[in-house]
Amino acid sequence: MKKKAATIREVSRLSGVSTATVSRVVNNVGNVSEKTSRKVLNAIDILSYRINPLASGLKRGKVRTIGVILARMDTHYHAQVLKGIEDALSPEGYAIMFATTDNDANKEVFTISNMLSFNVDALIVATSQTEGDCFERINDENCPVVLIDRRVPVSNVDIISEENRVSSMRLTKTLTDAGHRKIAVFAGDKRLNLIKERIEGFIDAMASVGAEYSGEMTVYCQNSAHAAQTASAEAFGRWRAEGVMPSAAICLNSNVTEGVMLAARDMGISIPDDLSVASFGLLRSRLIVPSVTSVVQEGYRIGLVAGRQVLKRVGRDAKDIKPCDIVFQNAIQAGDSIKKITVNNG
């Protein structure tokens, strides 16, 4: 049977001081003599008393816990984001309350409300919402918010993100420079602002070489490898039957890239001989062959900077800090997934 945890009242009785004095010793506040402190600490040791940080934090309005809400955790990128946040917060004594939303805006709203009920000190959110009104309200109510990865219109909230439109243009250019003009877009979730920005970058890059964007060559699906594999297989089958197979595909999410490659393999479509592929985001394994030309998203950098910004927001000088809007540029990592062909504008 699990031993019942000691209470502050038991520490008080054993040490012969009031519960208020025990609280001052535990929290290292107020004036308590060295002799009294030793008596309290000795009683704590004998009873194996453990502080309940949640209960203690709720009383003083702070729990030294940061709420972190990400869309998913099935990509290398998101795992690195969380690692960066943790490395920033843990040395300063902050714990993380973590949840995912599966890109569901309603689930996100519920999760935010739930975390606020636990009096988290701040929130770090990769939002699936398209507007930022709720984050401005939360921020104004003395719970700092740092948005990461996804951008929404806000005026008083910190945003740490990566450049999407230009990165997508540069990724598309790796295909057009190799002669490709008939390029399919496997876009992922059309509701997300970052997907819209990446499609805009693709359109700009195609226009720069005199090629038109065809909505008929754009495939939307959930941001999972399974959903992308199903959608890709259907699209490949349709395009084959109509005799309009693209020579290349640009995938706007790394999970989507994996799904496209799995569908291509199952249908006997060779990469890059039959289909060149470029990916927004690195794939989870370096064992995938061929290696894929990709936008390198540095999730750890995003998480680390977001964590450090939160620490500023919960610090004593928070009122003197203006909202930041940091946008990191991404590199392109060349792979073996693009085949050079003769330019064909048809």
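**Entry 1: handedness of the H1/H3 crossing**

I looked up the crossing of H1 and H3 first, and it is right-handed. For my own reference, right-handed means the near helix is turned clockwise from the far one by less than a right angle, and left-handed means anticlockwise. The model is a predicted one, so local features need pLDDT of at least 70 and side-chain atom pairs count only at pLDDT 80 or more, while totals for chains, interfaces and linings use all residues. Residues are numbered from 1 along each chain as its sequence is written, and side-chain values use heavy atoms, with hydrogens and water left out.

**Entry 2: geometry and contact**

I then noted that the axes of H1 (residues 8–15) and H3 (residues 34–47) come within 9 Å and cross at roughly 125°. That makes H1 oblique to H3; under 35 degrees would count as roughly parallel, over 145 as roughly antiparallel, 65 to 115 as roughly perpendicular, and the rest is oblique. The axes are lines fitted to C-alpha atoms, for helices over the stretch in contact, with angles from 0 to 180 degrees between N-to-C directions. Helices here are DSSP runs (H or I, at least four residues), numbered from the N terminus.

Which residues of H1 and H3 make the contact? From H1 I listed Glu10, Val11, Leu14 and Ser15, and from H3 Lys39, Val40, Ala43, Ile44, Ile46 and Leu47, with contact meaning heavy atoms within 4.5 Å. They divide into 7 nonpolar, 1 polar and 2 charged. In this scheme Ala, Val, Leu, Ile, Met, Phe, Trp, Tyr, Cys and Pro are nonpolar, Asp, Glu, Lys and Arg are charged, and the others, Gly among them, are polar.

**Entry 3: salt bridges**

I found 14 salt bridges in the structure, each being a side-chain nitrogen of Lys or Arg within 4 Å of a carboxyl oxygen of Asp or Glu.

One of them joins Lys83 and Asp87 at 3.3 Å, N to O. These two sit 4 residues apart in helix H5 (residues 76–89), so about one helical turn separates them. Lys83 is partly exposed at 39% relative accessibility, and Asp87 is partly exposed at 29%; buried would be under 20% relative accessible area and exposed over 50%, with partly exposed in between (1.4 Å probe, protein chains only).

Glu234 and Arg238 pair at 2.7 Å, N to O. They are 4 residues apart in helix H10 (residues 225–242), about one helical turn. I have Glu234 as partly exposed at 47% and Arg238 as partly exposed at 31%.

My last pair was Arg301 with Glu298, at 4.0 Å, N to O. Glu298 is partly exposed at 39%. Glu162, Glu298 and Arg301 are linked in a network of salt bridges.
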